[in-house]
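Q: Before we go through this model, could you show me how to read its features, giving the general idea and then the case at hand?

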Amino acid sequence: MEALINEWLWQEKYWLPPGVRWQDIEIKEGDGRIPLPRDLIYTLPLAFTFIALRYVFERLIAFPFSKYLGVKDQIRVRAASIPKLEIFYKQNSRQPSQSDVVNLGKQCGLSQRKIQTWFRHRRNQDRPSNTKKFCEASWRFVFYLVAFTAGLGSLINSPWLWDHRECWRGYPKQPVAEAHYWYYVLEMGFYLSLLMCVSVDVKRKDFKEQVIHHIATLFLIGFSYCANYVRVGTLVMLVHDSSDFLLESAKMFHYAGWTRTCDSLFVVFALLFLVTRLVVFPGRVVYTTLVVSTEFFQPFFGYYFFNALLLVLQALHIFWAYLILRMVYKFVFLGKVERDERSDEESEVDDEEEEHEEDGEECSWQQRKGTINSKLASLANNCVLNNLTNQRNMNSRLPKAR
């Protein structure tokens, strides 16, 4: 099995430039770490470690901190206990079709309106609370802040941080410093933990884009380490971490209701995101991998694969930049950031729809009540007028009778 993997997966034409063999990139002991694929095996137990640390952090630190900042959860009406509806909700669909509503109404002996109301209340119970969203944002904030600080500290004296040509000078025989190795392993372990928890985290509008981003990032980190694209890989991670912690901090204050602080952090994040993701990333990182690298070696499979992953990330940057610019537009012309354009998929939109539905029900009831009252008044007036008319007719006939 190992021989088969070495024969097909680790072929030199996939990982190394033409004319370079695995023996050519061996580094003498003491000159630095040799990037080997087996080094990344530690990312899997590290991902589980991150999940355990997150569990402890959210309950012992993030949750009390959310109460200190004044995070409040919306009080929602709980759905009545109806076993048949509960089974359908869990096994079939959270949003039944009209035919399903009719069939469930016949089975439970309830009207269609009560069935729809039950499902709306039941969906509300499963929507994440502000406290849950605050805890998730605070965990990501802590990691991104620590990762950016540690990454910047490990790269501040590296020549390729200032001169992008140094990313390729001497490639592929480039030793990897111990700090850069652990920077790689920690980043990959964290994104692996995010991908493993994506099904239980708050589901947002850009859920699919987030999954694509995590998968592309994992492939990017793993492949760049195995192909010894470590220097440019550290730049990619540093650019991404530079603005992510600002976004998470803005979310934290948004859930806490600190509007001014949230708006200020969002403006700083928007400016930094647009500069780093739409200017620095394509202008420096993507340019050096697409153009500058060809001055040092001939393109090969790894060259095309690595650049394809970078272009996938750039496409996601453009998508998120569009959402951010929409929020900036609302901030400039409406005076505030109304809500996160990447907010969870149902918690805010459906709550507003439910409020509109309840308001509509109240208004329709008021209208029906007013119509009934007007008809009753009209009927009463008619009865009074008829009585008066009959009385006058009787009085006019009395003298003749006499």
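A: Let us begin with contact, which means heavy atoms within 4.5 Å. By that criterion, S242 touches F148, L272 and T276, with residues up to four places away in sequence not counted. This is a predicted model, in which local features need pLDDT of at least 70 and side-chain atom pairs count only at pLDDT 80 or more, while totals for chains, interfaces and linings use all residues. Residues are numbered from 1 along each chain as its sequence is written, and side-chain values use heavy atoms, with hydrogens and water left out.

Q: Where is S242 placed, and is S242 buried or exposed?

A: Helices (H or I, at least four residues) and strands (E, at least two) are DSSP runs, numbered from the N terminus, and S242 is in helix α10. Buried means under 20% relative accessible area, exposed over 50%, and partly exposed in between, with a 1.4 Å probe and protein chains only; S242, at 10%, is buried.

Q: Which value of phi does N228 have, and where is N228 placed?

A: Phi of N228 is near 60°, a positive value in a residue other than glycine. N228 is in the loop between α9 (207-226) and α10 (230-256), and N228 is buried, with a relative accessible area of 5%.

Q: What is the peptide bond from Y171 to P172, cis or trans?

A: The bond from Y171 to P172 is cis, with omega near 5°, and P172 is placed in the loop between α7 (130-155) and α8 (178-196).
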